[in-house]
Amino acid sequence: MMHATKTNTADLHGGVSLDRLLVDATRTSSQSVVATSCTSDWRQVKPGDVFVALSERLGQEEDGHPYVREAVDRGAIAVICEEPVPVFEVPTYIVADSRVAYGQLCQAISGHPHLDVPVIAVTGTHGKSTVIALLDSIFALAGKHCGKISGLGCYDGMSHSAGIEVPSAPELASRLERMVAAGCTHALVEVSSEAIAQSAFAGIAFDAVCITNVSDAHLELHNSVQSYRNLKRRILESLDPAGVAVFNADDPVSSKWLTHVDGPVLTFGTKGQAEVSAYVIEQHANEQVFMISAGSQSAAVRTSMVGQHHVSNCLAAAAIALSYGIDLQLIAAGIESVEKLPGRMERVDCGQGFPVFVDAADTAESLRASLRTARQLSTGRVVCVLGDPGHATYSEQLAVAHVVS
């Protein structure tokens, strides 16, 4: 299954016509505006900027509409907003969702980098960062040069930086633009539910979307199970018509979303009739061995990362890599190259006579999966020490340990 080639015809130097970009907006002036820069922070406005007034969402950002006057006084040449504002000397564009418009504008000003570097999105309640790390390893062995944006770390093709989970619209556009400049062949991005809610990835057509799983988590942000599921499903609206969707056949929620995709689809799983499947051959405290099958191909994988959830993450990465024509044996080697990841059932060896694992379980379901793995590996007691990962440094995450004795 191969992906379609895209061509970027954007003009990087002539600016972006707001009239053409925001065709459905209600305009307060017949004056045309060509944007070369923009911001959503009125305090950062410079002469010539377009100011985008963002509405508050998930309690994460102050409403920008009360500060439109200040933005214009600082030199904004136009305003994008969701409601009428009391400025008349510059054009205003009233849109249904200013966050979507902001993302689209940032991507357009950067020259639509997603047209030059295929963007692979991984979302789901659990496993996103791990799948990104596995994909990065697989693609590297295949001779690809991948940029990535993940909670475990970012790479723009030239330099590494700390991980981020919800990039701002200009930050995302800038990172993708640098990936293009550095000659990256693919961009691997982790997409959280919060990022979807804030339309952080607006303006990007994903070349592939993988949904690892959808459980009943993060309800403190999304109020109800159904609203959380509906929000997650919105990522499919950003999938390029020729792009590939990868679903977990073992997950009842994501499996139902197969009907929402008209283009190519791949499934992975261990329980049903998935196109990319696996079964565990043996499992120990320090490693596990499983067989991955895809069509008539099969490959054995030996990995020091353990647990059924890790097998599922490996299958997700394998399915995506297969859609890009990467050989299954090379995929297996790429998976094996990832020996450990911070806080992902990370083994701690200090000469003790029993295995110790650190896992940054932040939901009931992820804690359940970690304890289930510990129970399978144990012949004696399982001791769980639980801390608060929201306020812990990595060294302090040793308090979130699953000890098998």
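User: Which backbone oxygen lies 2.8 Å from a polar atom of the Asn-248 side chain?
Analyst: That of Thr-212. Keep in mind that this is a predicted model.

User: Where does Asn-248 lie?
Analyst: In strand 14, which covers residues 239-248.

User: And is Asn-248 buried or exposed?
Analyst: Asn-248 counts as buried, because its relative accessibility is 5% and the cut-off for buried is under 20%.

User: What does Asn-248 touch, leaving out residues up to four places away in sequence?
Analyst: Ile-211, Thr-212 and Asn-213 are on the list.

User: New topic. How many aromatic pairs does the structure hold?
Analyst: It holds 3. One of them is Trp-42 with Tyr-67.

User: Is that Trp-42 and Tyr-67 pair stacked or edge-to-face?
Analyst: Stacked. The ring centres are 5.4 Å apart, with 5 degrees between the planes.

User: Why does the pair tie together separate parts?
Analyst: Because Trp-42 is in the loop between strand 4 (38-39) and strand 5 (50-52), while Tyr-67 is in the loop between strand 5 and helix 2 (68-73). The two parts are 25 residues apart in sequence.

User: How accessible is Trp-42?
Analyst: Trp-42 has 23% relative accessibility, so it counts as partly exposed. Tyr-67 is partly exposed too, at 22%.

User: What about Phe-139 and Tyr-324, stacked or edge-to-face?
Analyst: Edge-to-face, because their planes are at 65 degrees. Their ring centres are 5.8 Å apart.

User: Where do Phe-139 and Tyr-324 sit in the chain?
Analyst: Phe-139 is in helix 4, residues 128-141. Tyr-324 is in the loop between helix 10 (308-323) and helix 11 (328-336). They are 185 residues apart, so this pair links distant parts of the chain.

User: Buried or exposed?
Analyst: Phe-139 and Tyr-324 are both buried.

User: You mentioned helix 11. Which residues are buried there?
Analyst: Leu-328, Ile-331, Ala-332, Gly-334 and Ile-335. They cover an arc of only 160 degrees around the axis, so they lie on the same side of helix 11.

User: What covers the buried residues of helix 11?
Analyst: The cover includes helix 4 and helix 10. Strand 17 (288-294) and strand 18 (297-303) are also part of it.

User: Last one. Which residue caps the N-terminal end of helix 11?
Analyst: Asp-327. One of its side-chain oxygens lies 2.9 Å from the backbone nitrogen of Gln-329.

Technical notes. Residues numbered from 1 in each chain as written. Predicted model: local features only at pLDDT ≥ 70, side-chain atom pairs only at ≥ 80, totals over all residues. Heavy atoms only, no water. Phe/Tyr/Trp six-rings, centres within 6.5 Å; stacked < 30°, edge-to-face > 60°. Helix = DSSP H or I, 4+ residues; strand = E, 2+ residues; numbered from the N terminus. Buried < 20%, exposed > 50% of the residue type's maximum accessible area, 1.4 Å probe, protein only. Arc of directions from axis to C-beta. Contact = heavy atoms within 4.5 Å. Polar contact = N/O pair within 3.5 Å; in protein donor to acceptor, adjacent residues only side chain to side chain.
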